[in-house]
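Dear colleague,

Please find below the structure that I am handing over to you. My notes on what was found in it follow directly after.

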Amino acid sequence: MNFFEYVNNELYCEKVPLKNIADEVGTPVFVYSRQTLERHLRVFSEPFSSVSHLVCYSMKACSNLAILKIFSRLGAGVDIVSGGELYRALSAGVEPSRIVYSGVGKRASEIDEALLAGILMFNVESEAELELLEIRARSLGIKARIALRVNPDVDPKTHPYISTGLQKNKFGIDTSRALDLYKQTLKMDWIEPIGIDCHIGSQLTELGPILEAVEKLVGILEQLRSDGIDIQYLDIGGGLGIPYDQEEPPMPSEYGAAVVERMRDLGVTLILEPGRVLVGNAGILLTQVLYLKKTKKKLFVIVDAAMNDLIRPSLYDAHHVVQKVTLRPSQSSPDKLITVDIVGPICESGDYLAKSRELGEVAFGDHLAVMSAGAYGFSMSSNYNSRPRAPEVLVDGENYYIIRERETYADLVRGERIPPHLQ
Ligand SMILES: *Cc1c(COP(=O)(O)O)cnc(C)c1O
């Protein structure tokens with residue numbers, strides 16, 4: 001459930017007409033709803049309330065400081081995947097003791113930063129990383145708390161680019177190898193194994209693979225305990241999907257109940273790393289129609305947002321609902337619908353936001369809302385075609401706040417230099 005709704009033919013975010021934001025801030029612009037963000041975190045966390053747990057928001061989904069603040073005020077931590085994300089999290093005031101660090105390619109400098117910050121634990125993805133971590137921890141004199149990220153080899157049944165728990169993926173450590181590695185950590189003075197971790201993929205719409213992975217983690221946990229290794233944290237990753245179109249992902253309540261049922265008696269703290277499910281449907285991308293272009297085959301609606309702003313359709317063939325911000329009353333009659341491709345200004349045929357969509361009549365200057373753009377929207381945006389990145393706006397009741405300014409042309413060339421001999 002979210003707080004983007006029509007009132008008298010005008011699309012609102014909470015109490016603010018989106019048209020006002022488009023007029024005042026300009027387009028393209030990302031708009032997030034605070035009420036929706038908070039509701040999603042509450043609804044996600046609630047089913048785990050009967051067990052010790054920590055929600056570590058996977059901040060790569062949407063890493064604006066204001067969003068991090070909203071979640072951390074409610075007690076959430078974060079799952080980071082880079083030194084840059086650690087910097088953002090600390091800047092937003094996230095408690096280091098609520099930060100877990102995932103990713104297959106942690107650099108020595110990033111490991112040092114996380115050790116110095118005193119994060120809760122590193123989710124280690126390889127033997128080589130474990131060895132480097134021991135070296136860095138020793139040199140800083142700071143013990144590294146770790147979980148091994150195991151690759152449970154289950155098929156998450158999602159897009160191949162966002163599947164991460166299959167043996168052919170680069171993530172995690174084979175379950176058979178993980179037990180040996182845990183034993184090796186007992187000989188490492190600066191490594192303290194405290195958890196087991198996995199994350200099998202994103203936009204998961206079935207419970208089966210998730211539970212299968214949990215089952216494998218529990219098996220390892222029991223084995224480790226019988227070997228005298230005290231595991232206190234069970235990190236089952238993120239990945240719960242959201243409805244973009246016709247998908248019917250499990251409700252957080254179903255997901256939570258099934259997981260809690262399996263781990264209730266284990267005496268561990270559960271760590272969850274949701275990303276998309278918290279922010280996906282709490283944000284939209286607002287854009288304006290620049291041109292209509294009719295060809296022999298198609299009607300193109302050319303808008304001022306593009307694949308550099310929202311790459312999901314181009315990259316994953318993802319579906320985003322597109323709605324008119326202002327409906328004309330006549331549009332209630334379905335025969336007025338036209339089939340269009342909604343495309344951006346970028347010089348690639350892959351630059352589209354929606355294909356073969358039925359839309360009410362649109363004209364130059366109309367505003368469109370690309371729905372479900374809160375996750376992997378702004379955070380995956382780029383400056384391709386030298387397009388300044390869009391601003392981000394947070395709606396809070398009757399007010400809205402610019403939480404990231406629109407980039408300027410000067411921002412585009414910041415840090416670039418022409419060598420003197422070419423001047
Ligand atoms: C991306 C990621 C997540 C979050 O995935 P969602 O599908 O957005 O919930 C969680 N954990 C790890 C390790 C990730 O890489």
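Which hand does the crossing of H8 and H9 have? The crossing of H8 and H9 is right-handed; a crossing is left-handed if the near helix is turned anticlockwise from the far one by less than a right angle, and right-handed if clockwise.

Before the details, a note on the source: this is a predicted model, in which local features need pLDDT of at least 70 and side-chain atom pairs count only at pLDDT 80 or more, while totals for chains, interfaces and linings use all residues. Residues are numbered from 1 along each chain as its sequence is written, and side-chain values use heavy atoms, with hydrogens and water left out.

Helices H8 and H9

The names refer to DSSP runs numbered from the N terminus, with helices (H or I) of at least four residues and strands (E) of at least two. Helix H8 covers residues 207-226 and helix H9 residues 252-263; their axes come within 11 Å and cross at roughly 20°. Here an axis is a line fitted to C-alpha atoms, for helices over the stretch in contact, and angles run from 0 to 180 degrees between N-to-C directions. H8 and H9 are therefore roughly parallel to each other, given that angles under 35 degrees count as roughly parallel, over 145 as roughly antiparallel, 65 to 115 as roughly perpendicular and the rest as oblique.

On the H8 side, the contact (heavy atoms within 4.5 Å) is made by Leu 207, Ile 210, Leu 211, Val 214, Glu 215 and Val 218. H9 contributes Glu 254, Tyr 255, Ala 258, Val 259 and Arg 262. By class, this contact of H8 with H9 has 8 nonpolar, no polar and 3 charged residues. Ala, Val, Leu, Ile, Met, Phe, Trp, Tyr, Cys and Pro count as nonpolar, Asp, Glu, Lys and Arg as charged, and the others, Gly among them, as polar.

H8 has 20 residues and reaches 29 Å from its first C-alpha to its last, close to the 28 Å expected at 1.5 Å a residue; the expected span is 1.5 Å times one less than the number of residues. The buried residues of H8 include Leu 207, Ile 210, Val 214, Leu 217 and Leu 221. Buried means under 20% relative accessible area, exposed over 50%, and partly exposed in between (1.4 Å probe, protein chains only). An α-helix has 3.6 residues a turn, so residues three or four places apart point the same way. Among the elements that cover the buried residues of H8 are strand S9 (144-151), helix H7 (175-185) and H9. After H8 comes Gly 228, whose phi is positive, near 85°.

Two further helix pairs

The axes of helix H2 (residues 34-45) and helix H3 (residues 65-73) come within 10 Å and cross at roughly 45°. That makes H2 oblique to H3, and the crossing is right-handed. Arg 34, Leu 37, Glu 38 and Leu 41 in H2 meet Ile 67, Ile 70, Phe 71 and Arg 73 in H3. These residues divide into 5 nonpolar, no polar and 3 charged.

Helix H5 (residues 108-117) packs against helix H6 (residues 127-140) at an angle of about 50°, with their axes 10 Å apart. H5 is thus oblique to H6. The residues in contact include Ile 111 and Leu 115 of H5 and Leu 133 and Ala 137 of H6.

Residues in loops

Ala 282 lies in the loop between helix H10 (276-279) and strand S14 (283-294). At 0% relative accessibility, Ala 282 counts as buried. Leaving aside neighbours within four places in sequence, the contacts of Ala 282 include Phe 4, Tyr 32 and Leu 37. The C-alpha atoms of Ala 282 and Gln 35 are separated by 8.5 Å, although these residues are 247 apart along the chain.

Glu 125 is found in the loop between strand S8 (121-124) and H6. With a relative accessible area of 3%, Glu 125 is buried. Beyond four places in sequence, Glu 125 touches residues including Ser 102, Arg 149 and Phe 171.

Phi of Gln 203 is near 55°, a positive value in a residue other than glycine.

Yours sincerely
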